[in-house]
Amino acid sequence: PYGRPGCDSSPILVNNALEAISRTNKEPTANADFILITGDFAAHGGENILKEIVAITKKLKQQFPNTYIFPAFGNNDFPDDYYIPTPPTKWYAATLAAWSRLILCKKCTWRSRLKPTTAKELRSE
């Protein structure tokens with residue numbers, strides 16, 4: 001249930017890890033200002049990469065509603081593994097729609113110290 005060497009993490013492992021990090025993050029001395037996700041939201045050879053990105057994004061927002069989360073693409077997160085699509089594409093727009101909820105965190109405690117950003121600014125080229 002927790003995966004095996006050389007394979008992707010199982011959903012059970014991902015859920016347990018997010019729950020454990022969320023519990024730790026609620027401790028006064030461990031409250032993170034932001035989280036950086038370094039990519040590979042989707043499984044190797046996944047058939048519905050965008051669906052996996054959206055599902056993990058929702059879980060992250062549920063576990064960390066008051067924390068900025070900055071996602072990055074990994075090599076498995078593109079429609080054609082390892083090949084970056086040439087923008088603009090509907091795929092980028094759909095990913096941005098999911099990720100903007102993480103980046104534009106309205107409840108984040110240190111939002112007032114940052115330059116305000118809007119969904120429109122995120123969409124600009």
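Trainee: Among contacts between residues at least 6 apart in sequence, what percentage join residues at least 24 apart?

Mentor: The structure here is a predicted model. A contact requires heavy atoms within 4.5 Å. Among the contacts in the protein between residues at least 6 apart in sequence, the share that joins residues at least 24 apart is 66%.

Trainee: In what pattern do the helices and strands follow one another along the sequence?

Mentor: The protein has four helices and two strands. Read along the sequence, their pattern is α-β-α-β-α-α.

Trainee: Where is Asp-77 placed?

Mentor: Strand 2 covers 68-71 and helix 3 covers 90-103. Asp-77 lies between these two elements, in the loop.

Trainee: Which side chain of opposite charge is nearest to Asp-77, and how far away is it?

Mentor: Asp-77 is buried, yet has no salt bridge. A salt bridge would need a side-chain nitrogen of Lys or Arg within 4 Å of a carboxyl oxygen.

Trainee: Which backbone nitrogens does the side chain of Asp-77 reach?

Mentor: One lies 2.8 Å from a polar atom of the Asp-77 side chain and belongs to Asp-40. The side chain of Asp-77 also reaches, at 2.8 Å, the backbone nitrogen of Gly-74.

Trainee: At which residue does helix 3 bend?

Mentor: Helix 3 has 14 residues and reaches 19 Å from its first C-alpha to its last, close to the expected 20 Å. Its bend is about 30°, at Ala-97.

Technical notes: Residues are numbered from 1 along each chain as its sequence is written. This is a predicted model: local features need pLDDT of at least 70, side-chain atom pairs count only at pLDDT 80 or more; totals for chains, interfaces and linings use all residues. Side-chain values use heavy atoms; hydrogens and water are left out. Buried means under 20% relative accessible area, exposed over 50%, partly exposed in between (1.4 Å probe, protein chains only). Lys and Arg count as positive and Asp and Glu as negative; His and the chain ends are not counted. A polar contact is a pair of N or O atoms within 3.5 Å; within protein, one must be able to donate a hydrogen and the other to accept it, and residues adjacent in sequence count only if both atoms are side-chain atoms. The expected span of a helix is 1.5 Å times one less than its number of residues. The bend at a residue is the angle between axes fitted to the seven residues ending there and the seven starting there.
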